[in-house]
Amino acid sequence: MVEIKVINKGHHPLPAYATGQSAGMDLRACTDGPVTLRPMERRLIGTGLYISLPEGCEAQIRPRSGLALRHGITVLNSPGTVDADYRGEIMVLLVNLSAEDFTLNDGERIAQMVIARHEQATFTLVGELDATERGDGGYGHTGVE
């Protein structure tokens with residue numbers, strides 16, 4: 001279990017796991033009133049949450065499948081990354097991919113947040129890479145005969 005320090009400047013409950021095996025926690029819109037997204041419009045939506053993640057962790061901001069299926073609403077830079085040293089408000093970049101206006105209300109569940117550990121890497125310049133069966137086969141290459 002990872003402990004996350006949080007400031008909630010909104011008036012909604014803190015994110016929580018819906019079930020014992022849920023990977024993500026729902027994030028809620030923290031707005032002054034209804035917000036309408038026109039077709040193909042994108043907008044940053046605040047959550048009222050400010051967090052302090054432990055070093056070596058990130059928060060991934062992902063779409064909610066129900067909003068995507070029913071209304072064409074998704075997170076544009078999915079998954080969005082909240083770094084451990086970021087201290088600003090968690091914002092969600094939503095986009096309306098449907099042909100209809102979509103109105104979201106204060107407190108509506110707009111995305112999910114997954115906490116994940118990560119590694120940092122260093123690069124070493126080399127003259128060639130080790131050989132593999134796949135080699136330089138690119139997009140759509142695996143499984144093609």
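Arg64 counts as buried, at 15% relative accessibility, where buried means under 20% relative accessible area, exposed over 50%, and partly exposed in between (1.4 Å probe, protein chains only). The model is predicted, so local features need pLDDT of at least 70 and side-chain atom pairs count only at pLDDT 80 or more, while totals for chains, interfaces and linings use all residues. Residues are numbered from 1 along each chain as its sequence is written, and side-chain values use heavy atoms, with hydrogens and water left out.

The side chain of Arg64 meets that of Asp26 in a salt bridge, with an N to O distance of 3.3 Å. This pair links distant parts of the chain, 38 residues apart: Asp26 is in strand β2 (residues 25-28), and Arg64 is in the loop between β5 (57-62) and α1. Helices (H or I, at least four residues) and strands (E, at least two) are DSSP runs, numbered from the N terminus. Asp26 is partly exposed, with a relative accessible area of 23%. Asp26 and Arg64 also belong, with Arg109, to a network of salt bridges.

In the whole structure, four salt bridges are found, a salt bridge being a side-chain nitrogen of Lys or Arg within 4 Å of a carboxyl oxygen of Asp or Glu. One of them joins the side chains of Asp101 and Arg38 (2.7 Å, N to O). It too links distant parts of the chain, since Asp101 is in the loop between β8 and β9 (102-104) and Arg38 is in the loop between β3 and β4, 63 residues apart. Asp101 is partly exposed, at 45% relative accessible area, and Arg38 is partly exposed, at 46%. Another salt bridge is formed by the side chains of Glu41 and Arg43 (2.7 Å, N to O). Glu41 counts as partly exposed at 23% relative accessibility, and Arg43 counts as partly exposed at 31%.

Met40 lies in the loop between β3 (35-37) and β4 (42-52). At 55% relative accessibility, Met40 counts as exposed. The phi of Met40 is near 70 degrees, a positive value in a residue other than glycine. The peptide bond from Ser78 to Pro79 is cis, with omega near -10 degrees, and Pro79 is placed in the loop between β6 (73-75) and β7 (80-82). Most residues other than glycine have a negative phi, and most peptide bonds are trans.

Leu44, Tyr86 and Met91 make a nonpolar surface patch of about 270 Å². Patches are made of residues with over 30% relative accessible area and no salt bridge, with like charges joined within 9 Å and nonpolar side chains (Val, Leu, Ile, Met, Phe, Trp, Tyr) within 5 Å. Accessible areas come from the Shrake-Rupley method with a 1.4 Å probe, and for residues only the protein chains shown count as cover. Met91 lies in strand β8 (residues 89-96) and is partly exposed, with a relative accessible area of 33%.

The charged end of Lys9 sits over the ring of Tyr50, 4.6 Å from its centre; this requires NZ of Lys or CZ of Arg within 6 Å of the ring centre and within 35 degrees of the ring normal. The search of the whole structure finds zero disulfides, a disulfide being a pair of cysteine sulfur atoms within 2.5 Å. Cys57 is buried, with a relative accessible area of 1%, whereas Cys30 counts as partly exposed at 22%.
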